[in-house]
Amino acid sequence: MSEPTGQRRLLVLEDDVLTGRTIQTIAEFAGLAVQFTTEPDDFFQRLDAWQPDVIALDLIMPAMDGVQVLARLGERGCKARIIITSGVGSRVLDAARRAAQQHGLSISGVLAKPFSPAELRALLMQPVATSGRSASAETGTQQWPTSDELRQAIATDSLSLAYQPQVDCLTGTLNGFEALVRWEHPRLGWVGPDRFIPLSEACGLIDALTDWVVMTGLAWFADFRARYLGNAARHSTVQLPEHLHLSLNVSVLSLTNFDLFERLYQRCIELELKAEWITFELTESSAMDDPVVSLETLTRLRMRGFQLSIDDFGTGFSSMVQLVRLPFTELKIDRSFVFSSVSSEESRQVIRSIVELGNSLGMLTVAEGVESQEALTYLQTLGCDLAQGYWFARPLFPADLENWLQAYAQDDETRRLASLHSLQLLDTPAEARFDRITRLAQRLFDVPMALVTLIDRDRQWFKSSLGLAGRETQRSESFCTHAILDSQIMMVEDATQDMRLRDLKAVTGPDHLRFYAGYPVRAPDGSRLGTLCVLDTEPRSLATVQRDVLQTLGHMVELEIAVPPETALDSLTGLFSRSAFEQRAVPFLDLASQLETGVSLMVFRLYGLSSLASQPEHRSDRLRVRFAELLTQTFRHSDLLGRYSDDEFALLILDSEENVLNHLAERLQHSVAQIEAEFEPPLTLDVRIGRAAMLPGIKANLQSLMASADQEMTAATTQAS
């Protein structure tokens, strides 16, 4: 009986006859043509004669184990998709998968025995990109391009670049692109870079190829930025972040040719591209082959401002010493770990280790090969910075990229607005917990204006506003609509010099805005909601430490958004509850460390209130409420104030001067008399104060401050008695 034309073919090598027949039955029921054998020699004969599209292979066999079979398949240039099955542990299966991939084989997946029919069907029905009918015939030299053909392709611009988007893992904002070279050969069709890049290295064409890739990529990127970030951007429905970057792959063999990199640096200047927008990627193994040459050239590139990435990290054997010595700014997690992270605990642990390593070294981490929401979610939980893969987009040629960009921007905005509206923050009354942060920002940056903004579909609405009249503006007239496009702080030193902003009414009109710095505030799901921003009518800039401070203040806003007021605030006094106070103390103390200023804790304890609880109108609760109001009126609204227990209140202050603390304590004691006189009969309010201070340069923590304050209060009480 002949097979239907185009029917997918499955070849099974399995020494257990019952398992092999089971696989055959499941596959045939799914519509595949199947052949099954238990002998490796027979398997290879069928492979050549039948040329299957899919292979199911058991690892444990007596005559020739599965790893040997995989090696033979790699030598023969097998193009069939392979399903590895076995009863061995997951680590052995993962190792076999990686070994197969190193042989250039296409692995659909691994199945640990026993497996379900549904699991097998899912792998069998995966799309087959190219036919597997290529075992021995395709290994001939006629299938490989020649060096003369490659030289001609470079000289005549017969190569092309595709661009794969990279996005922020948490927010989903577009961060940049990786340029990937492609070659449509007139005789062979599409030839993969795994064929012609080694050829270029072997025949001395790698510098010419790198030159073509870089110069072509830079020209495209300059044109792209001009259309979406230049003057023409005003007429575009797509808005992109200012720091949008382009990643370009370079061979370690080109690192000895610094004239090449000097030429491309001059080209960046001609195209008005900042070097910091360009990332050069080198594979981990190649970067470590000659660390001396790498160190010299990479250092010079970093001095120019270029970013540097280790590609395929985790597949090489670089030492920690070498990694620290070389000035890389980015670690790129190899796609094999990301792809298998959904099913492999070992891969997840490798990814976790790489992300932690990158964070500890102050490097960005980028995950390649993200093909599912599950993989993306895991990366988000680890704090991985960027991601690329088929889940977002395949590498796209420029015309297709434009269409993808429009669709992605529309979908992203829909998700963002849905997240914003679900939080029910728009058009709500002013809240002290947000106003505390804008007051703190206004004081620390010495600016006339500080805002917490939310960007709705057509408007910018102020959740907290200091120094600016009104509660909302048109979105099209706002600075913040540009700030939410990024995951980094947007800083504009002089708005009259920024083509995005210079014609806005806030700049040309009576507000006369010049300086802007905005941190993009995110929802718990990563969606960009709006900003915490500071503004001035005079041009200025922020130092690095000030950017860190603004980011910490932005995290404070995100904490308030994530925790609803009914959870954060004490129901009686309206102050922060103990748990909420302790949560907010962490970024508050971080501020003290960043500013290198002292920090103080004052603890106020009311004595004798329990005796009032049985009296009419619950005088003890009335007294607690009035005392909380007194604290709010006495101290700065930018200080952190909370009800720590029934009769205990805590205050954190960005100051450690003894005379300041004494003055604050005296102010409070003078004000207590106001409360005592309000009650009939009058009360004598016993308020005891404990204080603790941490001097500048010393990292403070709330637990040690509370212990010191309690010790001082106990000592004072003992001395008084």
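This is a predicted model: local features need pLDDT of at least 70, side-chain atom pairs count only at pLDDT 80 or more; totals for chains, interfaces and linings use all residues.
Apart from neighbours within four places in sequence, Ser-200 is in contact with Leu-150, Leu-205, Ile-206 and Leu-209. Ser-200 belongs to helix H7, which covers residues 193-202. Its relative accessibility is 0%, and because buried means under 20% relative accessible area, Ser-200 counts as buried.

Arg-416 is located in helix H16, formed by residues 398-422. With a relative accessible area of 1%, Arg-416 is buried. Its side chain makes a polar contact with the side chain of Glu-413, at 3.0 Å. When residues up to four places away in sequence are set aside, Arg-416 touches Ile-455, Asp-456, Arg-475, Ile-484, Ser-527, Arg-528 and Leu-529.

The description now turns to the whole chain. The protein chain contains 25 helices and 24 strands; H7, with Ser-200, and H16, with Arg-416, are among the helices. Of the 721 residues in the protein chain, 52% are buried, and both Ser-200 and Arg-416 are buried residues. Where contacts link residues at least 6 apart in sequence, 68% of them join residues at least 24 apart. The accessible surface of the protein chain amounts to about 32100 Å². Carbon and sulfur atoms account for 51% of that surface.

Note on methods:
Residues are numbered from 1 along each chain as its sequence is written. Side-chain values use heavy atoms; hydrogens and water are left out. Helices (H or I, at least four residues) and strands (E, at least two) are DSSP runs, numbered from the N terminus. Buried means under 20% relative accessible area, exposed over 50%, partly exposed in between (1.4 Å probe, protein chains only). Contact means heavy atoms within 4.5 Å. A polar contact is a pair of N or O atoms within 3.5 Å; within protein, one must be able to donate a hydrogen and the other to accept it, and residues adjacent in sequence count only if both atoms are side-chain atoms. Accessible areas come from the Shrake-Rupley method with a 1.4 Å probe; for residues, only the protein chains shown count as cover.
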